[in-house]
Amino acid sequence: MNGLIQDLTTELKTNTKFKDSAVVRVVLESINNSTLLGVPSDQILETALTNLDELATATVNEDLKEVVANFRKLAEKPTKRLQNMAKEAGIKKRSQV
């Protein structure tokens, strides 16, 4: 997951379509601070993507929406995919006694 965070920060810093945005810089600062505080990487990535998604919606920035969608897809693990599919199908995990 750390590789995805690094890839995301690189994308945000280098993409000319939004790298100069003050809000994107705030998200980058948040990522850096969270990393220094030892926040789990999956939580850092999810928070960053959520914030960027809200920013993209508020500013109607399709390029940023695309970046968020791509990173969400990369971050989705097979177990998470299965959980989502089970939830959509209405299948619950059986508890073991």
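**Ground rules.** I number residues from 1 along each chain as its sequence is written, and I use heavy atoms for side-chain values, with hydrogens and water left out. Because the model is predicted, local features need pLDDT of at least 70 and side-chain atom pairs count only at pLDDT 80 or more, while totals for chains, interfaces and linings use all residues.

**Entry: helix 1 against helix 4.** I took helices as DSSP runs (H or I, at least four residues), numbered from the N terminus. I looked up helix 1 (residues 2-14) and helix 4 (residues 62-75). Their axes come within 11 Å and cross at roughly 170°. Axes here are lines fitted to C-alpha atoms over the stretch in contact, with angles from 0 to 180 degrees between N-to-C directions. Helix 1 is therefore roughly antiparallel to helix 4 (the term applies to angles over 145 degrees).

I then listed the contact (heavy atoms within 4.5 Å). Helix 1 gives Leu4, Asp7, Leu8, Glu11 and Leu12, and helix 4 gives Leu64, Val67, Phe71, Leu74 and Ala75. I sorted these residues into 8 nonpolar, no polar and 2 charged. Nonpolar covers Ala, Val, Leu, Ile, Met, Phe, Trp, Tyr, Cys and Pro; charged covers Asp, Glu, Lys and Arg; the others, Gly among them, are polar.

**Entry: helix 2.** Helix 2 (residues 22-37) has 16 residues and reaches 23 Å from first C-alpha to last, close to the 22 Å expected at 1.5 Å a residue. The expected span is 1.5 Å times one less than the number of residues.

Which residues of helix 2 are buried? I found Val24, Val27, Leu28, Ile31 and Ser34. Buried means under 20% relative accessible area, exposed over 50%, partly exposed in between (1.4 Å probe, protein chains only). They cover an arc of only 125° around the axis, so they sit on the same side of helix 2. The arc is taken from the directions from the helix axis to the C-beta atoms. Their cover includes helix 1 and helix 3 (41-59). The face turned away from the buried side carries the exposed Val26, Leu36 and Leu37.

I checked Ser34 separately. Its relative accessible area is 17%. Leaving aside neighbours within four places in sequence, Ser34 is in contact with Val39 and Ile44.

**Entry: positive phi.** Most residues other than glycine have a negative phi. Val60 is not a glycine, yet its phi is positive, about 50°. Val60 lies in the loop between helix 3 and helix 4 and is exposed, at 60% relative accessible area.

Methods: Helix = DSSP H or I, 4+ residues; strand = E, 2+ residues; numbered from the N terminus. Parallel < 35°, antiparallel > 145°, perpendicular 65-115°, else oblique.
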